[in-house]
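We will go stop by stop.

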Amino acid sequence: MTPDLLAQIHGAAFRESRGWSASEFQSLLSSPLCFVVGDQAGFALGRVIVDEVELLTIAVLPDHQGRGLGAKWLLAFETAARAKGAETAFLEVAEDNVAAISLYARRGYTTKSTRTGYYSRADGQKIDARIMSHNLG
């Protein structure tokens, strides 16, 4: 997957906030610690450091949402992370992203803490981030 395609999907999936640019994706993917799983409809991007993996972002094109692709890419992300030696996964998710929180909870992620006002919306609103983790073992 190219940085341009990742930026296109991310921008479409996250219209309420600033989508990541192709150069930001290129910078992340230039690290041997980062990996991506996905296709033309969506993807998950992660970074493994020692025995932990961070889900940096997961995005599905709006026309493809509600079809289980988020769950598919989350499972593929976890599988790839395990293969790279990760034992624990963690992520940040906006408190108002109910669908994502539900997806993560179904996979066994639990809330560990909150970052107040972490996300900024296009209208200037600040949204808390829920920090969630999951044992991949």
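**Stop 1: Arg 47**

Select Arg 47, which is partly exposed because its relative accessible area is 27%; buried would be under 20%, exposed over 50%, and partly exposed is in between, with a 1.4 Å probe and protein chains only. This is a predicted model, where local features need pLDDT of at least 70, side-chain atom pairs count only at pLDDT 80 or more, and totals for chains, interfaces and linings use all residues. Residues are numbered from 1 along each chain as its sequence is written, and side-chain values use heavy atoms, with hydrogens and water left out.

Arg 47 sits in strand β2. Strands (E, at least two residues) and helices (H or I, at least four) are DSSP runs, numbered from the N terminus. Now show the contacts, meaning heavy atoms within 4.5 Å. Leaving out residues up to four places away in sequence, Arg 47 touches Leu 28, Leu 33, Cys 34, Phe 35, Glu 52, Val 53, Glu 54 and Leu 56.

**Stop 2: Val 50**

Move to the loop between β2 and β3, where Val 50 lies. Val 50 has a positive phi of about 55°, although it is not a glycine. Is Val 50 buried or exposed? Val 50 counts as exposed, because its relative accessibility is 70%.

**Stop 3: the sheet**

Switch to cartoon view. Six strands make an open sheet, in the order β1-β2-β3-β4-β6-β5, with mixed pairing. Two strands pair if DSSP finds at least two bridges between them. From one strand to the next, the twist averages 25°.

Walk across the pairs:

- β3 and β4 run parallel over four bridges. Select Glu 54 and its bridge partner in β4, Phe 90.
- β4 and β6 are antiparallel, over seven bridges. Thr 88 has Asn 135 in β6 as its bridge partner.
- β5 and β6 pair in the antiparallel sense over seven bridges. Thr 114 is bridged to Arg 130 in β6.

Stay on β5 and β6. They form a hairpin with five residues between them, and Gly 124 in the turn has a positive phi of about 90°.

**Stop 4: Glu 78**

Select Glu 78 in helix α3. Glu 78 counts as buried because its relative accessibility is 0%. Not counting residues up to four places away in sequence, Glu 78 touches Arg 107, Tyr 109, His 134 and Leu 136.

**Stop 5: the largest pocket**

How much space lies in the largest pocket? About 960 Å³. A pocket is an open set of points on a 1 Å grid over the protein atoms alone, with protein on both sides within 12 Å along at least five of seven lines; lining residues have an atom within 4 Å of a point. Points are joined across faces, edges and corners, and the volume is the space filled by probe spheres set on them, with a 1.4 Å probe.

Select Phe 14, Ile 58, Asn 97, Ala 100 and Tyr 104: of the 37 lining residues, these are the closest to the centre. Then colour β3 (52-60), which gives the most to the lining, with seven residues. The lining divides into 19 nonpolar, ten polar and eight charged residues. Here Ala, Val, Leu, Ile, Met, Phe, Trp, Tyr, Cys and Pro count as nonpolar, Asp, Glu, Lys and Arg as charged, and the others, Gly among them, as polar.

How values were computed
Axes are lines fitted to C-alpha atoms, for helices over the stretch in contact, and angles run from 0 to 180 degrees between N-to-C directions.
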